[in-house]
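Have a look at the model first, then work along with the steps.

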Amino acid sequence: MMKKFLGVIGMAMLMAACSAQGDTIQGKDYKMQNAMNDAEISLGFSAKSNRFFGGVVNRYFGTYKIDGNNIELSPAGSTMMMGPQPLMEAEQAYLSSLPQIKTFSLEGKKLILKFADGKEYIFDETGAVKE
């Protein structure tokens with residue numbers, strides 16, 4: 001009887017660990033829905049470090065901290081290539097807003113980044129990051 005009980009407890013712990021791993025942004029890539037000026041904005045989170053990265057016209061990068069559902073994104077650095085004006089405007093608006101993001105949530109394969117004023121960026125998971 002004790003072996004059965006321990007087996008059930010072990011399975012429950014394993015399932016909880018697997019569930020917790022599925023509720024993370026680390027190691028995943030995302031693409032923004034409805035980005036300004038139809039820009040294609042990607043966002044990835046390293047599983048090996050506290051770095052985020054992505055691309056619009058330029059590649060961008062920074063660091064992040066997570067505490068529960070709170071997230072802090074550093075100001076992003078980026079490459080300095082030129083592109084079409086509407087995409088450059090979208091990129092600048094997006095990059096300058098990253099440090100203002102306060103919380104995040106996951107709803108299935110959707111990542112929702114939230115600002116204090118209620119504004120949200122919604123991203124679709126596109127797969128694992130390539131590090």
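Y94 counts as buried, at 2% relative accessibility (buried means under 20% relative accessible area, with a 1.4 Å probe and protein chains only). Before you start: this is a predicted model, where local features need pLDDT of at least 70 and side-chain atom pairs count only at pLDDT 80 or more, while totals for chains, interfaces and linings use all residues. Residues are numbered from 1 along each chain as its sequence is written, and side-chain values use heavy atoms, leaving out hydrogens and water.

**Exercise 1.** Describe the aromatic pair of Y60 and Y94 and say which parts it ties together.

*Solution.* 
- Step 1: Rings of Phe, Tyr and Trp (its six-membered ring) pair if their centres lie within 6.5 Å; planes under 30 degrees apart are stacked, over 60 edge-to-face, and the rest tilted.
- Step 2: Y60 and Y94 are edge-to-face, with 5.6 Å centre to centre and 75 degrees between the planes.
- Step 3: Y60 belongs to strand β4 (residues 59–67) and Y94 to helix α2 (residues 85–97), so the pair ties together parts 34 residues apart in sequence. Strands (E, at least two residues) and helices (H or I, at least four) are DSSP runs, numbered from the N terminus.
- Step 4: Y60 is buried too, with a relative accessible area of 2%.

**Exercise 2.** Find the cluster that ring pairs build around Y60.

*Solution.* 
- Step 1: The structure holds 6 aromatic pairs.
- Step 2: One of them is F52 with Y60, a tilted pair at 6.2 Å centre to centre and 55 degrees between the planes.
- Step 3: Ring pairs link F52, Y60, Y94, F115 and Y121 into a cluster.

Key
Buried < 20%, exposed > 50% of the residue type's maximum accessible area, 1.4 Å probe, protein only.
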